[in-house]
Amino acid sequence: MPRYVALLRGVSPMNAKMPELKRCFEEAGFTDVKTLLSSGNVAFCTARSASVKTLQKRCEKAMLAGQGHSFMTLVRPSAHLQKLIEADPFAAFKLKPGAKRVVTFLPEPLKRCPVELPVNHGEACIHGLDGGEVFCSYVPEA
């Protein structure tokens, strides 16, 4: 059974309780549902084969039905996330000492990058784009 991760946008401890989110997903038919602290990340399995876009809509519908509101949802297969970690996409970039790595997940892959990369802005840099993920880094202020 395929495993997925739903990345919910705008979640905070004030507007979402993880036990409620877990219940919403389970009531929608998802199995082996796990939440991570108050991050808005929900891992789940589904017996029905579906596209990521369909799963995103299903998750949002489940939250709306179960708690009266929803969060923008991005779904990625957990196998995709594992491959991303193993590939270490930041290894190809020269990062500044102390730089924090950030991966931004896009709702759908871009066919081409709208700007020339890398984009540097002080201590922050957009290094690359790989379809549905943008790879950035920044050096935090001391």
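Is Phe44 buried or exposed? In this predicted model, Phe44 is buried, with a relative accessible area of 0%.

The protein chain contains three helices and eight strands. Their order along the sequence is β-α-β-β-α-β-α-β-β-β-β. Taken along the principal axes, the C-alpha atoms fill a box of roughly 45 × 35 × 25 Å. The chain has 142 residues, and 33% of them count as buried. Among contacts with a separation of 6 or more, 60% are between residues 24 or more positions apart.

The largest nonpolar core has 17 residues. Those that touch the most other members are Ala6, Leu8, Phe25, Phe30, Phe44, Cys59 and Val75. Two or more residues of this core come from each of strand 1 (3-8), helix 1 (18-27), strand 3 and helix 2. Another core, of 11 residues, lies apart from it and includes Leu7, Phe90, Ala99 and Phe135.

The aromatic side chains come next. A pair of aromatic rings is described by the distance of the centres and the angle of the planes. Six aromatic pairs are found in a search of the whole structure. In one of them, the ring centres of Phe25 and Phe44 are 5.6 Å apart and the planes stand at 55°, so the pair is tilted. The reasoning behind that label is a matter of cut-offs: planes under 30 degrees apart count as stacked and those over 60 as edge-to-face, so an angle between these limits is called tilted. Phe25 belongs to helix 1 and Phe44 to strand 3, so this pair ties together parts that are 19 residues apart in sequence. Phe25 has 0% relative accessibility and therefore counts as buried, the limit for that term being under 20%.

Phe44 also pairs with Phe30. Here the distance is 4.4 Å centre to centre and the angle between the planes is 55°, again a tilted arrangement. Phe30 sits in the loop between helix 1 and strand 2 (31-35), while Phe44 is in strand 3, so the pair ties together parts that are 14 residues apart in sequence. Phe30 is buried as well, with a relative accessible area of 2%. Together with Tyr4, the residues Phe25, Phe30 and Phe44 form one aromatic cluster.

Thr46 is located in the loop between strand 3 (41-45) and helix 2 (52-67). With a relative accessible area of 1%, Thr46 is buried. Its side chain reaches the backbone nitrogen of Arg48 at 3.4 Å.

Two packed helices are described by the angle between their axes and the distance between the axes. For helix 1 and helix 2 the angle is about 115°, and the axes are 8 Å apart. The crossing of helix 1 past helix 2 is right-handed. On the helix 1 side, the contact is made by Glu20, Leu21, Arg23, Cys24 and Phe25. On the helix 2 side, Cys59, Ala62, Met63, Gly66 and Gln67 make the contact. Phe25 and Cys59, both in this contact, are also listed among the residues that touch the most other members of the largest nonpolar core.

The backbone has some features to note. Most residues other than glycine have a negative phi, and most peptide bonds are trans. Which residues are joined by a cis peptide bond? Leu117 and Pro118 are, with omega about 0°. Pro118 lies in the loop between strand 5 (100-105) and strand 6 (119-121).

Asp32 has a positive phi, near 45°, although the residue is not glycine. Asp32 is placed in strand 2 and, at 43% relative accessibility, counts as partly exposed. Asp88 likewise has a positive phi of about 45° without being a glycine. The location of Asp88 is the loop between helix 3 (78-87) and strand 5. At 38% relative accessibility, Asp88 counts as partly exposed.

How values were computed: Residues numbered from 1 in each chain as written. Predicted model: local features only at pLDDT ≥ 70, side-chain atom pairs only at ≥ 80, totals over all residues. Heavy atoms only, no water. Helix = DSSP H or I, 4+ residues; strand = E, 2+ residues; numbered from the N terminus. Buried < 20%, exposed > 50% of the residue type's maximum accessible area, 1.4 Å probe, protein only. Polar contact = N/O pair within 3.5 Å; in protein donor to acceptor, adjacent residues only side chain to side chain. Core = buried A, V, L, I, M, F, W, Y, C linked by side-chain atoms within 4.5 Å. Phe/Tyr/Trp six-rings, centres within 6.5 Å; stacked < 30°, edge-to-face > 60°. Axes fitted to C-alpha atoms, helices over the stretch in contact; angles between N-to-C directions. Left-handed = near helix turned anticlockwise from the far one by under 90°. Contact = heavy atoms within 4.5 Å.
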